[in-house]
Amino acid sequence: MIDLHTHSIFSDGELLPSELVRRAVVIGYTAIAITDHVDSSNIDFVVPRIVRVCEELNRFWEIIAIPGAEITHVPPETIPSMVKMARELGAKIVVVHGESPIEPVITGTNMAAIEAGADILAHPGFITDEEIALAHERGIHLELTSRRGHCISNGFIVTKAMLFGTKLVINTDAHSPADLISDIDAERILLSAGLPKERIIEVFNNSKKIVEEKSGKI
């Protein structure tokens, strides 16, 4: 399993980064990104610490730990500068918290994330045709998620992505150890969202390519 969206105690997760990664190792993950929630109040505190622990863990454990950030509930106008800052601080994967139907995310967040060049637009909800076409054009990955609540729009996202050819990834948005999943769980979630069985490997390969690009390893 490759999981590019998880949280530690540096935002609203339950585990230290090391414990989160250790639990991922034990259940067979090959790569995990730690993408704690950030805004302008904490980005300069959180990201460098995640970078440091990922560098340490990568020296000792058989897993690729990737430092990241999830830009969350910020004014859409600030997303370009936040994406830039996250990268400058060392985040290898920049996720933006999309317009999930279960949270009051500001309209325009999806478009701002795509225009800013975020790597992954998390749980983008009922994304518009204009947004999904631009995501395809710019190579932005849309997230399918195992996270309760956010996952209710998975089927909508799959349908739209197949129409426009937009790249998909599957992540857990894990906040606790119980949220981590296996490849078999991921396959079931993708099938349940309406993705044809023969296209599951494409989604897995999309995640693999991101890991290769961001870490130089797989």
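The legends below describe close-up views of a predicted model. In this model, local features need a pLDDT of at least 70 and side-chain atom pairs count only at pLDDT 80 or more, whereas totals for chains, interfaces and linings use all residues. Residues are numbered from 1 along each chain as its sequence is written, and side-chain values use heavy atoms, with hydrogens and water left out.

**View 1. The aromatic pair of F126 and F156.** A search of the whole structure finds two aromatic pairs, a pair being rings of Phe, Tyr or Trp (its six-membered ring) whose centres lie within 6.5 Å, with planes under 30 degrees apart counted as stacked, over 60 as edge-to-face and the rest as tilted. One of them joins F126 and F156 in an edge-to-face arrangement, with 5.2 Å from centre to centre and 80° between the planes. Because F126 lies in the loop between strand 6 (120-122) and helix 5 (129-138) while F156 belongs to helix 6 (residues 154-164), the pair ties together parts that are 30 residues apart in sequence. Helices (H or I, at least four residues) and strands (E, at least two) are DSSP runs, numbered from the N terminus. F126 is exposed at 52% relative accessibility, and F156 is partly exposed with a relative accessible area of 30%; here buried means under 20% relative accessible area, exposed over 50% and partly exposed in between (1.4 Å probe, protein chains only).

**View 2. Arginine side chains over aromatic rings.** The charged end of R49 sits over the ring of F45, 3.8 Å from its centre, and R22 lies over the face of W61, at 5.9 Å from the ring centre. A charge is taken to sit over a ring if NZ of Lys or CZ of Arg is within 6 Å of the ring centre and within 35 degrees of the ring normal.

View 3. Another salt bridge is formed by K160 and D129, whose closest N and O atoms are 2.6 Å apart. This pair links distant parts of the chain, with K160 in helix 6 and D129 in helix 5, 31 residues apart. K160 counts as buried at 18% relative accessibility, whereas D129 is partly exposed at 38%.

View 4. In helix 8 the residues I200, V203, F204, N206, S207, I210, V211 and K214 are buried. Seen down the helix axis, these buried residues fall within an arc of 150°, so they line one face of helix 8; the arc is that of the directions from the helix axis to the C-beta atoms. The face turned away from this buried side carries the exposed residues K209 and E213. E213 and K214 are also linked with R87 and D119 in a network of salt bridges, and a salt bridge joins the side chains of R199 and E202 at 3.4 Å, N to O. Helix 8 is followed by G216, whose phi is positive, near 75°.

View 5. E131, I132, L134 and A135 are the buried residues of helix 5. Seen down the axis of helix 5, they fall within an arc of 160°, so they line one face of the helix. These buried residues pack against helix 4 (109-116), strand 7 (141-145) and helix 6, contact meaning heavy atoms within 4.5 Å. On the other side of helix 5, E130 and E137 are exposed, and just after the helix G139 takes a positive phi of about 75°.

**View 6. The surroundings of I102.** I102 lies in the loop between strand 5 (93-97) and helix 4 and counts as partly exposed at 42% relative accessibility. Leaving aside its neighbours within four places in sequence, I102 is in contact with R148, G149, H150 and I152. The C-alpha atoms of I102 and E88 are separated by 31 Å, although these residues are 14 residues apart along the chain.

Methods:
Salt bridge = Lys/Arg side-chain N within 4 Å of Asp/Glu carboxyl O.
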